[in-house]
Amino acid sequence: MLDETLPRVSSPGTNARAATMQDVLDGIDAAVSKLDFLASQAARQDAEASVVDPEPPRHVMSQPAPEGLKGDATHAEAPAAKANPRGTIPPIIEAEPSPGLRNGNPPPAGPKVPPRPPGGGRFHKRTPVPDFAESFRAGLAAVRRNLAVVMAFTIVINVLVLAIPVYLFQISDRVLTSRSLDTLVMLTVVVVGAVLLQAMIDAIRRFILMRTAVEVEAQLGAPILSAAARASLNGTGREYQVLGDLQQIRAFITSGTLLAFFDVPIAPLFVLAVFLVHPHLGYIVVAASLVLVVIAFVNQRLTAGHFADSSGFLGRATAHLDSMSRNAQIINALAMIPEAVRIWGRDTALSLRSQVLAQDRNIIMASCSKAARMLTQVTMLGWGSFLAIEGELTGGMVIAASIIAARALTPIEGAIEGWNSFTQFRNAFKRIRLLLQTSPFAFERLLLPEPRGQLDVERLLFVPPPNKKVILNGISFSLSPGESLAIIGNSGAGKTTLGKMLVGSILPTSGSVRLDLMDLRNWDQRQFGENIGYLPQDVQLFPGTIKANIARMREDVEDRAIFEAAVLADVHQLIASFPQGYETIVASDGAPLSGGQKQRIALARAFFGSPKLVVLDEPNSNLDSNGENALAKAIMHAREQKITVVTITQRPALLRAVDKVLVLDNGMVTMFGERDEVMAALAKPKSQAQSSSIPGGKTP
C-alpha cells in the first residue's frame, strides 16, 4: 500500500534514494501545511459570516513564496513548511487569488481593501426596533377579519330566527285548517334543524369572539407595556394603566353588548318582513324604533359625564393604592394607616357616587326602552287583531308579525343597556391607539460604533411643565473617556435632574447631551442602554435572584460577565457571604438585603456589561465606611478600564477618587475643573471663591 502511494525512485544509488525520500517528506509537510492553512481560512470565513456585516467576505491568502523558489507549488512552499510544519503563515487581505499564485508566483498588485469601521462591523446595520403603530394596525386588522366572519354568522343567525315565526304562521293557517299530520311533521323537522343550526352557529361566533379577545391581548400586550414604559419617562406613570384598557377591550369583545350591536344592522330586515305582513304594522315598528333611538340618545347624554367622573376618581383611588403598597413600611411605622385609608376611601366614595348616579339614569332609560318595546307588542297584537277582524290578516300572520317586531326591537334595547360598556370600550381604544401611534420607539436609528465614553454636555436648559420653573440653566461641560466627575451642590440645585439627563431618562427643554459626539436621542435605545450604567438615588431591585438583578434581568448572558461586574463593583465578597450567594432571592421591597447591600448590588448592576459611561446618584447614601471604600475602589477600577464615571455626592471621601468636580447652584454651574483646584477654591472665603477663576476649568 505504501509503495503504491509513494513516487517511484528511478536512481538505484543510496544517495539518490535518500534525496528522493527527502523530497517526498518535504512534499508531505507542505501538504499538511496547506491543509492547516485551509482549515484556518475556513474558520476565519465562518467567523466573518457570523458577524452582521453588509460587506461580502474577503479571501485570506498566504504570503507569496520567497523569491527564487519557482516551479511546482509543492516545492515552492516546502521551506515555509519546514520552518513551521504545523503553523500558518501570517495572512494578508488581498483580492481574489490569481492563477499565477497557484504556480508559486506573487499575486499582482491590486487596490488595498479599506479597513473595517469600529463597532464590530455593525456601523451600517440598523437594529430592529419595535414598530408599535404597525403592531396596532396588525392587531386591528386581525380583529376586523374575525369580526367580519362573526358578522356573516350573525346574518345567518338572524335569517334562521325567522323560522319560528314562519312555523307559527304555517301551523295557524295551514296545519290547523287542513289537519295534515304530514305537513306538521315536515314543518317541525325543518324548524328543529333551523334551531339546531342557529345554536351551533351562535356557539361558533362566540368561540371566534373569545379567541379574538385573546389574540388582541397577545398581540398588543407587549407593545403597550413597552410603549408605556418609554412614555412614562415624561409622564406621570399613568401610561401603565393602559394595560387595564386592554383588559376592558377584551371584556367588551366577549360581552353580549357587542352581539347586540351586531344585531342592530339586521333590524331593518325584520322591519321589512313586518311591512310585508301589513304596512300598518310596519309603521308601528318604525315608530317604536325611533322612540328607542331617542331614548338611547338621551341615555348617552345623561350618563356620559357621570361615567367619566367615576373613571377619573377610580383612577385616583387606584394610584393611591399603588402608593400605599410601595410605602407600606412608612405607613406602618408612622401609624398613617387611618389617613391613607381615608384618602383612598374619599376617592372611592366619589367614584361610587358618580357610578350610582350614572347607573340610576341608565336603569331609568333601560326601563323606558323596555316599556316602549312591550307597549309596541301590545299595539301590534291589538291592531293586528283589528285588521284580522276586518279580514285583511289571519291570526297566524298577526302572531308572526308580533314575534318579528320583538326581534327587530331587541337589539336596540340591548344597545341601550350596554351603552356604558360601549363608552368604556371606545375610550380605552382611543387611549391605546394614542399610546402606540405616538410612541418614541416608532422610528429606526442607525446602529453606531461602540462608544468610547466621550461625554459632552452643551447648554442644557430644563423647564418642566406645568410650573415653568427653570431647573437647569446653561449647563455645559465635557469629559474624556475614562475621566471621573463629581457633581456637588446644595439640595434642590438640580443634581439628580442632571444625572437623569446624562442617561436619557429626562429629555432637556433645549441643549443636548452627547456620547461620542452623538446626541443621546439619536442612539439606538438598546445599544445605548447596554453601554451605560445608572445607579439612581432611589435604589430599586426587581423580584428575583441577585444574579438576575446584576444581569439586568437578561437570560442570554454568561456567568462570567456577572462575576466581572461584581468584582468591578467590589461586591463579590459581600455576595459570597450570603448562604445562597448569587442565587439569593430578593423580594420586591429588597428583603432580605439592607439598604446599603441593595445599593451595592445596584452598583454591580450599573457596571454590568462593561459600560462606557456610568452615572451614580448618591451611591454612598446608605453605605458604611467599608462600603464607601469599596465604592472608591470601584471608581478606581472603572478609571483603569477607561469607563467614564459621573458621581453625584457630598461625601469628601468619594471626592478623592474623582478627577474633576462640578459645582451646581440653583441649576447653574458655578465651578468646574480639576479636583484639587476646585476643592482649593471652595476652601477660600465665599467672596473670594466667587471672584476667582479656576485654571483649566470654567466659571460663569
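Residues are numbered from 1 along each chain as its sequence is written. In this predicted model, local features need pLDDT of at least 70, side-chain atom pairs count only at pLDDT 80 or more, totals for chains, interfaces and linings use all residues, and side-chain values use heavy atoms, with hydrogens and water left out.

**Exercise 1.** Find the order of the strands in the open sheet, and say which strands stand at its edges.

*Solution.* Start with the definitions: strands are DSSP runs of E with at least two residues, numbered from the N terminus, and two strands pair if DSSP finds at least two bridges between them. Next, read the order, which is β4-β3-β6-β7 with antiparallel pairing. β4 (472-479) and β7 (518-519) each have a single partner strand, so one side of each is left without a neighbour in the sheet. Finally, look inside the sheet: β3 (residues 455-462) and β6 (residues 510-515) are joined antiparallel over five bridges, and Asp 456 stands opposite Arg 514 in β6.

**Exercise 2.** Work out how the residues lining the largest cavity divide by type.

*Solution.* First, the lining includes Met 501, Pro 508, Asp 519 and Arg 521. Then sort the lining: six residues are nonpolar, two polar and two charged. Here Ala, Val, Leu, Ile, Met, Phe, Trp, Tyr, Cys and Pro count as nonpolar, Asp, Glu, Lys and Arg as charged, and the others, Gly among them, as polar.

**Exercise 3.** Describe the chain over residues 281-298.

*Solution.* Begin with the secondary structure: 100% helix (DSSP runs of H or I, at least four residues) and 0% strand. Then take the end C-alpha atoms, which are 26 Å apart.

Key: On a 1 Å grid over the protein atoms alone, a cavity is a set of points where a 1.4 Å probe fits but cannot get out, and a pocket is an open set with protein on both sides within 12 Å along at least five of seven lines; lining residues have an atom within 4 Å of a point.
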